[in-house]
Amino acid sequence: MARVPSSSSSAVWAVLTKEALCESRTRYAVGALVMFALTALSSVSMAIAGMSLPPELAAALLWVVLFFCAMAGLARVFVQEQEAGTLLGLRLYAASQAVFWGKLLFNLIILLGLSCLVVPLFTVFVAVEVGAWLPFITVLTLGCVGMATVSTLTAAMVMYAQGKHAIFTVLTFPILLPQFLSAINATAKILSGDIPDLSQYLFMAGYDSAVVAAGVLLFDYLWQE
Amino acid sequence: MEIRIVVDNIGKSFGEELLFSNVFAEIVSGQCLTVTGCNGSGKSTFLKIIAGLVRPSSGQVKLMLDNRLSPNERIHYMGLVSPEVSMYAALTGIENIIFWTKMRGVACSAAEAEKVCQQMGLGKNACDLVATYSTGMRQRLKLAVIQAVHPPIWLLDEPSSNLDGNGRELVKELIFAANRQNAAVILATNESGEALYGKSTIKL
């Protein structure tokens, strides 16, 4: 008799496709993300006027751009539900885990899509050469997984708060810092023609696993208000 | 299976402001309970407490299945039509119905969703984006969603708001049909006519 909210893959898929459909029709997040990336990269490119940056600085620049892009758009998944008044219905009809996974996967896809745009522009504008593409893509993917997971969780935390956008960045940065520093170090190594150590990959993968596990365990409490 | 909702001495206050207290009620499958009261008396909050979306300050709400406490959370048995619940403006009426039913694990094809839209008087607008709907049409879509999900307990908060005469008749038919299909309906209303739909009434 009770229709228990489904947390199956079909419910996750439904949340993911709903997010994609709404985004494709409103372009709320993608517009903000792409504009921020283009503005930041072109400003730096014009400021350094063709000078080549040291690998550490170039790596930090890449991750700062990705981080602030994430801050500009990824909170949308919960903030817009709250502002549009759809959150109450979602809390009533949907299973919390389906919502968490659907929104996490959507944020991850957005971030990976953005990386596909930012990285070629970054190599052109900042005049850096990526020697080892496979380690570079691995580091980029691991960093994006961590960033998408932490952003999804903190977006759920701040959705009822006033001044949610400022709190979102302030909350996300310290949680993300270990992954952020590892990603910068690993990227700097790749840009200087080296390959990151296995321990760096393991640390990043371990961080991702820990934040995903924390999300799965904590999200029910956040969802129940 | 008989569903019984027992509201046992619940009260709600926000800070030091008491909204209501000492509310007792009981409703079983196939019945309608109406909740009346002036603006700000706490009718919407009362419904949200029954749904499990808001915690009461005192007392408790029990859901009994054949006189035994439900093993599942009671939120899984509820459907809610409320001014505070919105539909996705960037989706069409049919897409909204399919999304909400999927969330509750109810199979609903596009053809079935379109049929429900037609029943609710949305007809040719079913394929339009909700952003283009009038407030009355949005209200009809909320009724279409609860009709498609068909939960055992219907919580209706001012279901006739923004509806024309035809829409009000539709609400009346929906409530009686839900009761006939053994669903329990809790109706919060300010309309004196609607207050007569219930077998019993509580005034907040």
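Student: Which residues have the most contacts inside the largest nonpolar core?

Tutor: Happy to start there; this is a predicted model, where local features need pLDDT of at least 70, side-chain atom pairs count only at pLDDT 80 or more, and totals for chains, interfaces and linings use all residues. Residues are numbered from 1 along each chain as its sequence is written, with chains lettered from A and ligands numbered from 1 in the order in which they are written. A nonpolar core joins buried Ala, Val, Leu, Ile, Met, Phe, Trp, Tyr and Cys residues through C-beta atoms within 7 Å, buried meaning 20 or more other C-beta atoms within 10 Å, exposed 12 or fewer, and partly exposed in between, with C-beta atoms placed from the backbone. The largest has 136 residues, and those with the most contacts inside it are Ala155(A), Ile97(B), Ala144(B), Leu155(B), Val185(B) and Ile186(B).

Student: Is Asn22(B) buried or exposed?

Tutor: Asn22(B), in strand E2 (residues 17–28) of chain B, has a positive phi of about 50° although it is not a glycine. Most residues other than glycine have a negative phi. Because 9 other C-beta atoms lie within 10 Å, Asn22(B) is exposed.

Conventions:
Helices (H or I, at least four residues) and strands (E, at least two) are DSSP runs, numbered from the N terminus.
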